[in-house]
Amino acid sequence: MTTPIPSPPRIPFLGNVTALDKDLPFQSMNLLAKQYGEVYQLTIVSRKILVVNSQRLVNEVSDERRFRKMIGGGLAEVRRATGDGLFTAHVPGEENWYIAHRLLMPAFSTTAVHGMYDDMMDIVSQLALKWDRFGPQHAIDPAADFTRLTLDAIALSSMSYRLNSFYREEPHPFVYAMGDFLYESMTRANRPGIVQALKRKTQAQYEEDQKIMLSLVDEIIQDRKAHPVDKNDLLNVMLNGVDKETGKKLPDENIKQNLLTFLIAGHETTSGMLTFAVYYLLKNPEAMRKLREEIDATIGDRVASVKDVNKLPYLLAVMRETLRLSPSAPGRGCGAIEDTTLADGKYAVPKGINIVVNVAMAQRDPLVYGDDADEFRPERMLDGKFEALPPNAWQPFGYGMRACIGRAFAWQEVQLTLITLFQKFDLVLHDPSYELRVKQTLTIKPDGLRIHAIPRAGRPRLLAVPSSALLQQGTKSTTDHVQASVFDGAAKQALYVLYGSNTGSSEAFAQRIASGAASHGFRASIGTLDSATAHVPTDGPVAILTASYEGKPTDNAAHFVEWLSALKGREMANVAYSVFGCGNRDWVQTYQRIPKLCDETLAERGAERLAPRGEGDAASGDFFDSFDKWEAQFWEALTERYQTTASGAESVGLDVKTVDAGTGRAELLRQPDATLGTVVDNRLLTASGAAPKRHIEFELPEQTTYRAGDYLAILPVNPARDVHRVLARFGFSAEQEVMVSSSGPTSLPTNKAVSLSTLFSGYVELSQPATKRDLRILSDATTNDGTKKALEEYSNSYSELVFGKRLSMLDILEAHPDIKLSLGAFLSILPSMRIRQYSISSSPLWNPQHATLTISVLETPALSGRIEPFLGVASTFLAGLRPGDKVQLAVRASSSEFHPPSDPSVPLVMFCAGSGLAPMRGFLQERAMQKEAGRDIAKSLLFFGCRSPKDDFLYGDSDLRRWAELGVVDVRPAFSRAPQESEGCKYVQNRVWHDREDVRAAYNAGCKFFVCGASKIAAGVKETLIAIIKEGKPELDDSQAEDIFQEITSGRFATDIFE
């Protein structure tokens, strides 16, 4: 008795057409695999398709006695141009495939490919020369350049024909035609025939693209016939070769079709592999460091030779792991030769049905690759582990007699390219927060990836790229070796300011140091820590300002930290430095880990510490004041060490000129469309009178993906009320335009007209508490004794009167109109607008292009004594959004631990309160989608704290109730104001203790624990779990119980803390 194969709900006549994204069908198939499991069935109009997603099923359909390659879907459309060429021929049935296969296999043997070394290196050197000449400030599109490389390499190496792509401003016309042709082939495969018949313009372009591609093929063949070469290359073999078995030559039409096949397949997949490899290495600094060390140790500065191919184990591991996670061809087609079954008779498979082998998902099978199957870890391919993989667990080149004929060619080409590039350049991301986006034709490549190539030889080259693409709005373009300060007169002492920042705080501090350098006698250059990897300057002091995120470096400091940590000797002996760290003490175990590591490691490696490390605790009242104190110590130490002379005045650094009286509106500064999300829904979740919490749904930018547990980074604007307050205080109209110029780095839009309303809405923080430094500047701007005394009192009782009451610069300026502060001075004091991160409260299995947030709206009585309430910047912005509004946002990956396990049979135990429910809702939504798809799902426990069931039991009467009835979750609420309705428990930790036997049972069943909420929630839950341990082992003291807790929850306890 067989089991029915699960299938998504179908639409009459169309079937599952709408289940597949027309631009990224492979991504839709992967999400369906996550929902439905190892096999599911799709109906595309009248065509039925089976999709297999696990290693065991891929291995089974790789049995060529039972299954054979089937040319269907998009590949059947490609046949219109490639006919019975090697990739698209019907076998058995088309004799030309056998003739071509026998003739061409020797042309791609290892020996033959070694003979192509000179031609390959010719093209690789052209790429390296281009990157070197364009310089480190140029933002490189690696996918485009690798396409140039691989297309030219296959043409020159196998056809002795030069396309000279690196000498063209635009890619060869073949590239555009091929991309459009492959995309249309993929799309029309899922398009109903009646719709296709109406797309006459599309059909005309499709035919034109084929003509363009075939015209290059004709050009190459005619050139060879007109200018024969005495070389046994691929083209000569096709033109002149005679099959020994049949005595036949390839027909002219088949030669064209095979030549086109090689031009397409011979470069498209390899360029994708190279681009993915660069992406994964940039996002995994340890792997990047190990690869560079292997290249340096094995090859050094000499040119890689053919003898080096396949001799670098870690490079091979990087390539294998890249293809495991992102095979350029993520799937292939096959069919059963006769009626058969899969999975030991579980699933019936009729003869001839299309089977899509989802290689991309099978190569992430957790049963083969473990719980970290989604992580890039080349080590899993080293030391015999690759060879020990189960059969067909790694299959990026196809299998059997229809496997990729050019594998050896691609393998050699990728090695020579990566070796050469990493010998010559340090690569850094243009947008450090970039997360992988994919574009698909029939193959896949990263989309929107941009990098900088910094020559490893010569002087340090610093790149001051913004911490996130969301912070690039309206700012200056990236420049090489940014000189932050300009000084009239003799050259000054160089100063280098390096930052590691995700949300912008450390970057803003770095900009302040660089902007103030001139007034202290220094000439400053500013850049990310990553841009100084292996090139820490030695001709001047180095200021390092960096943050930790859960004990890990920021996106633009990860490579620097990895490189620094691996040093062994006294490599930093000529470096002089000081470090300031940003952090949050709520993360007790990892507080200031990265700043401490930088400070201590630099000293251990011989560097001179100029000033003690400074610490800024974002959870305390003296975050900005801590920086002010460190900055004073820093300048004092530098002045003494380098004998510089300060100018005596603190430089404002900004000049603001009015350029329009307000008769015309300024053009709003916008982000590129790729970073704009659209609001779909915004609704209140709580009862009237309760602290408001809202559910907001966004349509994400195109090709944006996420996982349950990830964040949405939002760039908000200040409340309109506060913007109006600023304009009124300084006597300006909202329509008035100004032009800002700056002598140093700034996050403000410079040298362009911008309205004051736009400037104060989106570029600066208006509600941050004033710092002691701010108070000193305000005191210098007034002659009123009473105001000076008040400001002195504020400074003396700063924690109580300023930070504790969240007294902002604007509050003080409004209270003391006698303070004469210029608009430029005010702007230079204000912190830059920060990105806010919110946990996503949905799963992509629900809708891969939509994501939801569950937020608390901060509107409370002003502690400063103002009549108007205090408004949270981001939550007020989000609460005011309406359907159709555009929002600047980006998906940010959460910690690798804070995602639901890939195995849905692993139970979850979740602890949260209030809007901390957000990621847990995403987890449960994912499990519910899997349950409804027929998969076996472990029931999870949710401990949720709120005030009462009537006020703020979020989703209690909707999603949570439905998922509980479905058997996905058992909800254990704790109502602080109605404990009688939650087993007498007021808080989450009380309910955990009350239900401790259920927690023990879940632990014994292999559960994973997740905590989301304020630090006191996390601390309370942890204390309760330790108490449960002590109850079972009363002989333990607190320290011993905590040690056991750490041991038994290792890899099973993840937290996401916010305030």
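The model is predicted, so local features need pLDDT of at least 70 and side-chain atom pairs count only at pLDDT 80 or more, while totals for chains, interfaces and linings use all residues. Residues are numbered from 1 along each chain as its sequence is written, and side-chain values use heavy atoms, with hydrogens and water left out. Helices (H or I, at least four residues) and strands (E, at least two) are DSSP runs, numbered from the N terminus.

**The sheet**

- Strands of a sheet pair through backbone hydrogen bonds, either parallel or antiparallel.
- Here, 6 strands build an open sheet with antiparallel pairing, in the order β25-β22-β29-β20-β21-β26; two strands pair if DSSP finds at least two bridges between them.
- The edges belong to β25 (836-839) and β26 (850-856); each has a single partner strand, so one side of each has no neighbour in the sheet.
- On average, neighbouring strands of this sheet are turned by 40° against each other, direction ignored; the axes are lines fitted to C-alpha atoms, for helices over the stretch in contact, and angles run from 0 to 180 degrees between N-to-C directions.
- Within the sheet, β20 (residues 676-684) and β21 (residues 693-699) are antiparallel partners over 6 bridges.
- Asparagine 682 has isoleucine 696, in β21, as its bridge partner.

**Aromatic pairs**

- The structure holds 38 aromatic pairs. Rings of Phe, Tyr and Trp (its six-membered ring) pair if their centres lie within 6.5 Å; planes under 30 degrees apart count as stacked, over 60 as edge-to-face and the rest as tilted.
- Phenylalanine 108 and phenylalanine 409 form an edge-to-face pair, because their ring centres are 6.3 Å apart and their planes stand at 90°.
- This pair ties together parts that are 301 residues apart in sequence, because phenylalanine 108 sits in the loop between α4 (95-104) and α5 (110-114) and phenylalanine 409 in helix α17 (residues 407-424).
- Phenylalanine 108 is buried at a relative accessible area of 7%, and phenylalanine 409 is buried at 2%. Buried means under 20% relative accessible area, exposed over 50% and partly exposed in between (1.4 Å probe, protein chains only).
- Phenylalanine 627 and tryptophan 630 make a tilted pair, with 6.0 Å from centre to centre and 35° between the planes.
- Both of these residues lie in helix α21 (residues 623-642), 3 residues apart, about one turn of the helix, and both are buried.
- One aromatic cluster includes Phe627 and Trp630, along with Phe509, Phe522, Phe580, Phe624, Phe634, Trp635 and Tyr642.

**A nonpolar patch**

- Ile11, Phe13 and Leu14 make a nonpolar surface patch of about 320 Å². Patches are made of residues with over 30% relative accessible area and no salt bridge, joining like charges within 9 Å and nonpolar side chains (Val, Leu, Ile, Met, Phe, Trp, Tyr) within 5 Å.
- A salt bridge is a side-chain nitrogen of Lys or Arg within 4 Å of a carboxyl oxygen of Asp or Glu.
- Leucine 14 belongs to the segment before α1 (25-36) and is partly exposed, at 31% relative accessibility.

- Most residues other than glycine have a negative phi, and most peptide bonds are trans.
- The peptide bond from valine 91 to proline 92 is cis, with omega near -5°; proline 92 is in the loop between α3 (73-82) and α4.
- Asparagine 164, in the loop between α7 (142-159) and α8 (173-188), has a positive phi of about 55° and is partly exposed at 33%.
- Glutamate 983 also has a positive phi of about 55°; this residue lies in the loop between β32 (969-975) and α32 (988-994) and is exposed at 51%.

Technical notes. Areas by Shrake-Rupley, 256 points an atom, 1.4 Å probe, with all protein chains shown as cover.
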